[in-house]
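Subject: A structure for you to look at

Hello,

I am passing a structure on to you, with some notes on what turned up in it. Please open it first and keep it beside you as you read.

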Amino acid sequence: MEQPLKVRASLRIVREDKLFGPGVAQLLEGVEELGSLRRSAARMEMSYNKAWSVVHGCEEALGFALLERRIGGAGGGGAVLTESGKTLLVRYRAFSNKAHELLDQMAEEYFSDILKER
């Protein structure tokens, strides 16, 4: 039985420059799960400064905040997604899933007859 063809694509939302993509989405998912940009960055093996720079640059390009930051104290600091950040992340993941589904269908349509398994 032949395995269906799949497409691996990295989808980014852009205007003139990149607005949002898989790296920022992964950072935000980590913040949502771990409650901290620092911990999310560490899990991705990214420095906190780089993560903060990526998120800040994305926020500037989008024109709205993705994270609400909490200053440290006795209980420690952290971050949570803003409502706009949550909405963007949910929509990006739905968009990405649907796009990959359609790309896989197109790969089958355009290439299945010439890329048969051996």
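Two residues are said to be in contact when heavy atoms of theirs lie within 4.5 Å. Please also bear in mind that this is a predicted model.

Leaving aside neighbours within four places in sequence, Asp-104 is in contact with Leu-5, Lys-6 and Val-7. Asp-104 itself sits in helix α4, which covers residues 83-111. Is Asp-104 buried or exposed? Buried means under 20% relative accessible area, and Asp-104 counts as buried because its value is 15%.

One of those contacts deserves a second look. Lys-6 and Asp-104 form a salt bridge, with 3.7 Å between the closest N and O atoms. Lys-6 lies in the segment before β1 (13-14) and Asp-104 in helix α4, so this pair ties together parts that are 98 residues apart in sequence. Lys-6, with a relative accessible area of 62%, is exposed, whereas Asp-104 is buried.

How many salt bridges are there? The count comes to six, and here are two others among them:

- Arg-43 and Glu-33 meet through their side chains at 3.1 Å, N to O. Since Arg-43 belongs to helix α2 and Glu-33 to helix α1, the pair ties together parts that are ten residues apart in sequence. Arg-43 is partly exposed at 45% relative accessibility, and Glu-33 is exposed at 57%.
- Glu-59 and Arg-69 have their closest N and O atoms 3.1 Å apart. Glu-59 is in helix α3 and Arg-69 in strand β3 (residues 67-70), so here too the parts tied together are ten residues apart in sequence. Glu-59 counts as buried at 10% relative accessibility, while Arg-69 is partly exposed at 39%.

Now for the inside. In soluble globular proteins, nonpolar side chains tend to be buried together. Here the largest nonpolar core has 21 residues, and Phe-20, Leu-28, Leu-37 and Leu-67 are those with the most contacts inside it. Two or more residues of this core come from each of β2 (18-20), α1 (22-34), α2 (37-43), α3 (48-62), β4 (78-81) and α4. Which element gives the most? That is α1, with five residues.

Leaving aside neighbours within four places in sequence, its contacts include Leu-28, Cys-58, Leu-88 and Tyr-92. There are two aromatic pairs in the count, and Phe-20 and Tyr-92 make an edge-to-face one, at 5.1 Å centre to centre with 75° between the planes. Phe-20 lies in strand β2 and Tyr-92 in helix α4, so the pair ties together parts that are 72 residues apart in sequence. Both Phe-20 and Tyr-92 are buried.

Tyr-110 and Phe-111 also form an aromatic pair, and this one is tilted: 6.5 Å centre to centre and 50° between the planes. Tyr-110 is found in helix α4 and counts as exposed at 52% relative accessibility. Phe-111 is partly exposed, with a relative accessible area of 40%.

Enjoy exploring, and do write back if you have questions.

Best wishes

Notes. Residues numbered from 1 in each chain as written. Predicted model: local features only at pLDDT ≥ 70, side-chain atom pairs only at ≥ 80, totals over all residues. Heavy atoms only, no water. Helix = DSSP H or I, 4+ residues; strand = E, 2+ residues; numbered from the N terminus. Buried < 20%, exposed > 50% of the residue type's maximum accessible area, 1.4 Å probe, protein only. Core = buried A, V, L, I, M, F, W, Y, C linked by side-chain atoms within 4.5 Å. Phe/Tyr/Trp six-rings, centres within 6.5 Å; stacked < 30°, edge-to-face > 60°. Salt bridge = Lys/Arg side-chain N within 4 Å of Asp/Glu carboxyl O.
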